[in-house]
Amino acid sequence: MLIRYIIYGLMGLNMEIVWTGISTVSIHNRNLIGHTSIWMFFIYGAAVFIMEPIHNLIADQNWFVRGCVWTTVIFIIEFVSGMALRAFHIEAWRYDGVCSVMGVIRLDYAPLWFIVGLCFEYIHKLLIEYGVGVK
């Protein structure tokens, strides 16, 4: 389990760096410099405890239902972890704009989280198939 925790944590960090780097194109910055917070490693790593059991429960559902579940679960994780960090005066991310909810989630990211959740399933299946972190 620890190995999968580390894998999910590192994958999440890399996903954020790529996403934030690519998003700089919208402000006409071709340097593609991405960023994240080390706190995100722990949040993404928690997928082993939160998302893996959910995946086991919903694996027999169709892709659309699963994607909707992932969108909801990721929003909840993002909101709870963002508010928990904020309670300790840590703001690892801050969303602004019309679609922002208390600065910790962006509702317009729903399609992204839908896709990320389905990608997580694929990665989870591969890790289990190859016996990564399984006794």
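**Helix H5 and its packing**

Visitor: Which residues in H1 meet which in H5?
Guide: In H1, Arg4, Ile7, Tyr8, Met11, Met15 and Trp19 meet Leu112, Trp113, Val116, Phe120, Ile123, His124, Leu127 and Ile128 in H5; contact means heavy atoms within 4.5 Å, and helices are DSSP runs (H or I, at least four residues) numbered from the N terminus. This is a predicted model, in which local features need pLDDT of at least 70, side-chain atom pairs count only at pLDDT 80 or more, and totals for chains, interfaces and linings use all residues. Residues are numbered from 1 along each chain as its sequence is written, and side-chain values use heavy atoms, with hydrogens and water left out.

Visitor: At what angle do H1 and H5 pack?
Guide: The angle is about 145 degrees, and the axes lie 12 Å apart. Axes are lines fitted to C-alpha atoms over the stretch in contact, with angles from 0 to 180 degrees between N-to-C directions.

Visitor: Which residues of H5 are buried?
Guide: They are Trp113, Phe114, Val116, Gly117, Phe120, Glu121, His124 and Leu127, where buried means under 20% relative accessible area and exposed over 50% (1.4 Å probe, protein chains only). Seen down the axis of H5, these residues fall within an arc of 165 degrees, so they line one face of the helix. The arc is taken from the directions from the helix axis to the C-beta atoms.

Visitor: And which exposed residues does the face turned away carry?
Guide: That face of H5 carries Pro111, Ile115, Tyr122 and Glu129.

Visitor: Changing topic, why does Arg66 count as buried?
Guide: Arg66 counts as buried because its relative accessibility is 13%. Arg66 lies in helix H4 (residues 63–87).

Methods:
Helices (H or I, at least four residues) and strands (E, at least two) are DSSP runs, numbered from the N terminus.
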